[in-house]
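Welcome! Please take a moment to look over the protein below, and then we will walk through it together.

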Amino acid sequence: MISIILATFNEKENIQDMIDSLTKEIKEPLEIVVVDDNSPDGTADLVAGLKYDHVTLIRRKKTKGLATAYNRGIIESKGDIVGWMDSDMCMPPALVPKMIDLLKEYDAVVGSRYVKGAKDTRAPIRTITSTMINGLAGFVLGYGIKDYDSGFIVLKRSVFNEVTLYPKGYGSYFIELLFDIRKKGMTVKEIPYTFNERSKGTSKSFSSWFNLITLGMEYVIRIFKTRLKRTR
């Protein structure tokens, strides 16, 4: 079984398209776990109303946060292969079957914006800051990973026998996870895709300049803390 986790907050405009696209693209037995953080726009109610047998809805009214949502989804999911991606259709569901197939050779497969053949079509300020953060992560942490904060991944559940997803932060958790996977000697394959700006809804990472700067600092601190923690 393939388990795909979707973390949602105010994604009513996108979530059904996302679920339907994953259902169409993935031919193996599939479960989709939607973890919703009490979206005021009614995202959870829409998902509950779909009544798909392969979709599980988890409503969280007190706990919030992207990393904690993915961690909850991992715990609740049942698949031998686990994956997650943004729920806003910026990442292509059509790429997931190829990522799953590559798990025959690798322990984890990451959709990457920074390997050959990839594109990032977002606004320049977002692509510049993301490139800078990933350049810093690659320099400090190594292992040749180009997109340390991708957030688009499928991996064997057995990976979690060796590493733990530390559910802290918005997207910086992914940096630490990839570093730990490689440090444990497991393999990671990055494959290119085109990351598009969302066409519906509001970005959570670029809701304001203050939010963008705050997130950037969180990533930088997480990069150095990860490096220092693993060398003690």
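Is R72 buried, partly exposed or exposed? R72 is partly exposed, with a relative accessible area of 32%. Here, buried stands for under 20% relative accessible area, exposed for over 50%, and partly exposed for what lies in between (1.4 Å probe, protein chains only).

## About the model

This is a predicted model, in which local features need pLDDT of at least 70, side-chain atom pairs count only at pLDDT 80 or more, and totals for chains, interfaces and linings use all residues. Residues are numbered from 1 along each chain as its sequence is written, and side-chain values use heavy atoms, with hydrogens and water left out.

## The whole protein

Let us begin with the overall picture. The protein has seven helices and nine strands; these are DSSP runs numbered from the N terminus (helices are H or I with at least four residues, strands are E with at least two). Its radius of gyration is 17 Å, close to the 17 Å that the globule rule gives for 232 residues, so the protein is as compact as a globular protein of that length. That radius is taken over C-alpha atoms, and the rule is 2.2 Å times the number of residues to the power 0.38. Along the principal axes, the C-alpha trace spans about 50 × 40 × 35 Å.

Of the 232 residues, 51% count as buried. The accessible surface comes to about 11,100 Å², and 56% of this belongs to carbon and sulfur atoms (Shrake-Rupley method, 1.4 Å probe; for residues, only the protein chains shown count as cover). Among contacts with a separation of 6 or more, 76% come from residues 24 or more positions apart, where contact means heavy atoms within 4.5 Å.

## A β-α-β unit

Now find strand β2 (residues 30–36) and strand β3 (residues 55–59), which pair in the parallel sense over five bridges. Strands count as paired if DSSP finds at least two bridges between them.

Together with helix α2 (residues 43–50), β2 and β3 make a right-handed β-α-β unit. Right-handed means that, with the strands pointing away from the viewer, the path from the first strand over the helix to the second runs clockwise.

## Salt bridges

Side chains of opposite charge can pair when their charged atoms come close. The structure holds nine salt bridges, each a side-chain nitrogen of Lys or Arg within 4 Å of a carboxyl oxygen of Asp or Glu. One of them joins D45 and R59 (3.1 Å, N to O). This pair links distant parts of the chain, with D45 in helix α2 and R59 in strand β3, 14 residues apart. R59 is partly exposed, at a relative accessible area of 44%.

Our opening residue, R72, meets E76 in another salt bridge (3.1 Å, N to O). Because they are four residues apart in helix α3 (residues 66–76), R72 and E76 are separated by about one helical turn. E76 is partly exposed too, at 37%. Elsewhere, D101 and K104 meet at 2.8 Å, N to O; D101 is partly exposed at 39%, whereas K104 is exposed at 68%. Finally, R113, D147 and D149 are linked in a network of salt bridges.

## A covered helix

How many of the eleven residues of helix α6 (residues 173–183) are buried? Nine are, so the helix is mostly covered. Among these buried residues are Y173, F174, E176 and D180. Just after α6, G185 takes a positive phi of about 85°.
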